[in-house]
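Dear colleague,

Here is the structure I promised to pass on to you.

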Amino acid sequence: MTQDQLVEVVKAKAPSVPVSLYEARDFADAVQYAVDVTEKRRHCEMLLPKEGETYGPLSENSFPTMLDRFIAAPGLSDEEFAVLEGKTAGTDIILLRSGLRGHMGGFNTSITWAEALVADTVTCVVNSNSEEVRLGTMVAEVSVMLVRKSTLLNKLEDANSLMLDLLNRGGASYTAFITGPSRTADIERVGALGVHGPLELHIVLLED
Amino acid sequence: MADAKNMKEYHSQIQEALDDKFLRATLDKFAVEYKANRTRIFEGMDVDGLIKQVADIKDNAAQHMMELFEQFKTEAEKRGVHVHLASTGAEANRIIARIAKENNCHNIIKSKSMTAEEIHLNTALEKEGCRVVETDLGEWIIQLRHEGPSHMVMPAIHLSRYQVADLFTDVTKVQQDREDIQKLVKVARKELRIEYVKADMGISGANFAVAEAGLIGTATNEGNLRLVTTMPRVHVVLAGLEKLIPTVADALKVLQVLPRNATAQAITSYITWIAGANECATGPNGRKEMHIVFLDNGRLKIAQDPAFKDILRCVRCGACANVCPVYRLIGGHKMGYVYIGAVGLALTYLYHGADKARALVQNCIGCESCKNVCSAGIDLPRITREIRARLVKAEGNNPAGSVMSMVMKDRDRFHSLLKFIKFSQKPLTVKGGRFIRHLPAVLMGGDQSFRQLPALAPKSFRQLFNGVVNNPAQPRFRVAIFSGCAQDFIYPEQLVAAVRLLNKHGVHVEFPLGQTCCGLPLDMMGQRDTSIQVSSQNVNAFEAGKYDAIITLCASCTGHLKNSYPELLKDSPDQYRAGIFVSKVMDFTSFVYNKLGLRADDFVKSNEKVTYHSPCHMRDLGVTEEPRALLNMVADYVPAAEEDTCCGFGGTFSVKFPELSAEIGKKKLKNSEDTGASLVVTDCPGCVMQIRGVATANDSQLKVEHISELLARHMK
């Protein structure tokens, strides 16, 4: 399949995963999308509230919300991070790049790169060797995955050589196949999103 | 967790489950939805081909378990992991407790691991003073309730939202919404977050241990495993040796089947691949302290046992429970000890011993549904029968089994006994002599009042045959009939109808008198030696080479002859004869439709509304189109809901577990009645006995016939 055909497959399958899909003009546009998504949502829930701290109004789940908005962007290059800083200047958004262990109570959004996207299942292959990437993609309420169109794969089996490549870069490796938000059906087999990790997953497709 | 020591205790546990209305409604709904969802998610894929590949991959791995272990160990150690091998559950528990102690860990979080359940790891760690918290939502719920899982994939499927809400209210000391499941899930999101922060050790299971890279692969939907393996400074993986697999490509292949079969998902939300001690800010030198404990607990021995080795193919998808008519009625707590469903019956015996399994392994109806849905094509009913045979061998026979074996191994004695019963049953018959009146439960081994049992026919088929057969002078085909007991002695009219139809269409029919019971009831009772003896009698009763086909009208006999005879008579002097015999066995509808080629022109079609029950052993043999095509030629065929679900007969099963047989039978009756048809047709005398018996006992107007009777009535 050609790249365009694979993009069409992703477009067709994304809604049922569920994944929100956005085709960005360039990196700056991709980052702007993540910022917009963050600004549209309510403030993040605080899952580890401390006695005596001040919080915002209660969420729909009756949990306290945070007074600030946070975007975690582990794994972006200095240049990419600078673009994000530009986009959030003048907003109430606070950027996090590392030390996410200190933010386990939650943050609004994470922006991370995926090494590849499997079209057939809309699965992001995420190099998660960095602990910050693992926490970023789990603790954020909204996970935004950046994917270059040239990395689109057709089927899951086609991820084999990428897997072997990731494994053979030396030393330990941690790779995640991520397909949609964190989900469960453990209570009465009713589907529910965000049981431990993201409530939403967004994929932003970029040209190379 | 079903841990009944004897059948009496087990029956009372079963009754508890049958009285649980929520459980019944949930599992009913699940059974129907699962089948539909599974069909949808596999659409356009070569399912059988994939299952075969999974079986091959896992078989190959099981035969090279220790080599794969060594390779895995070398690769993992290269990446800074400590690899352990525990020969028993107790040893694995000791190793993990020692790791906790040496690393000064007290707060342990876990992601889902059936292997940890197998060895009761939590209890062992708690005894050492550790605090263990499950993070998978379902596992957390049952941990808080001090229960075991009732399903391998959905451990809390037996609980309602109200039970969960009340539990969460109790745990959080805050009144929780009792209706809104979304909000209940968020309670877990919030309550468990602090546990990830506090924990100093994380324990996970593994779906794959990939030898070529010392790589652990896991499939989860919640993503809790990613936090369990990231936040704490120590990570321990517990994996059965059967999780070893040679390559990443193998794992990706298995992943095409596992989530589809488990939850009808193309893939789970997270597949996590961990090779080596990864970055960890709180670990020694910024790295995780990582241990992998492989568990033997009998697996190496099982790999060398031809009768049991296939069980190591199991990928824990849970599908064998999802399609099991017994699981549907009683749930996992009563259909397993730790492992549940069909594979649970076997694994309880293999991993937890005969004591825990003795009563449990009786609870398979033999419908073969699990075998046909298994991710790795494991013939689970065969393994269950094998376990029954080994229990009988190891522990001596039970009274019912001994009597059965004594009677059945000698055909003359068996048939004389039937003759005796026929004469002596007269005072007990009702409804024109065709049914036996209800007998005291003690005489029947259980309350059989849910169905009216048939009386023996005044004349057996073997007595009637010569007067009925009218062989053509120049036959198109020569066939012999294998009757089975039910049609020979209870329902000879079903065979008489078949002979009439076959003769009419130019088929020469013979009935060799040396034949006897097919042996399936014996095998179901663990009477392996006698079962082999009758198999041998049967293959020697037929000059198989003389016939174009050996025709059967009993689905269960057909299945047993075709699937089990080659195995039972392997390495016996009858092996060769058995091969020819089996190759000739053909069910009636396949012969009539495919070989004889009868079509609409050969019948007079009526407007009678008729529905169908597909016998389990017909489906198992892949005979599904033929009977329906024939029905459409002679009547107005209306499909029933769950036409492909067991009727609840299961031969000796319905005597051992009348309470279960009754429930399944009633459902079948209702589904058939709901079509508005006046007649339900099937192609097995066992199913006729069950459905007709249940219909009669419930004063239903629904008639039940064998397809041969319907076809014969509509011959031109």
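Strand E11 (residues 173-178) of chain A is joined by 6 bridges to E9(B), and the two strands run antiparallel; strands are said to pair if DSSP finds at least two bridges between them. Within this pairing, A:Ile178 stands opposite B:Tyr270 in E9(B). Helices (H or I, at least four residues) and strands (E, at least two) are DSSP runs, numbered from the N terminus.

Please bear in mind that this is a predicted model, in which local features need pLDDT of at least 70, side-chain atom pairs count only at pLDDT 80 or more, and totals for chains, interfaces and linings use all residues. Residues are numbered from 1 along each chain as its sequence is written, while chains are lettered from A and ligands numbered from 1 in the order in which they are written. Chain B averages a pLDDT (the predictor's confidence in each residue, from 0 to 100) of 96, and 99% of its residues score at least 70. For the complex, the predictor gives an ipTM of 0.98 and a pTM of 0.95.

The contact between the chains takes 54 residues from chain B and 46 residues from chain A, where two residues are in contact if their C-beta atoms, placed from the backbone, lie within 7 Å. On the side of chain B that touches chain A, H10(B) provides the largest share, with 14 residues. That side divides into 31 nonpolar, 13 polar and 10 charged residues; Ala, Val, Leu, Ile, Met, Phe, Trp, Tyr, Cys and Pro count as nonpolar, Asp, Glu, Lys and Arg as charged, and the others, Gly among them, as polar.

Turning to chain B itself, an automatic or database domain assignment divides the chain into domain 1 (7-38 + 318-395), domain 2 (42-300) and domain 3 (600-713). The C-alpha centres of domain 1 of chain B and domain 2 of chain B lie 23 Å apart, and their contact takes 20 residues from domain 1 of chain B and 25 residues from domain 2 of chain B. On the domain 1 side of this contact, H2(B) gives the most, with 6 residues, and the residues there divide into 11 nonpolar, 8 polar and 1 charged.

Lastly, leaving aside its neighbours within four places in sequence, B:Cys320 is in contact with several residues, including B:Gly341, B:Val343, B:Cys370 and B:Leu380.

With best wishes
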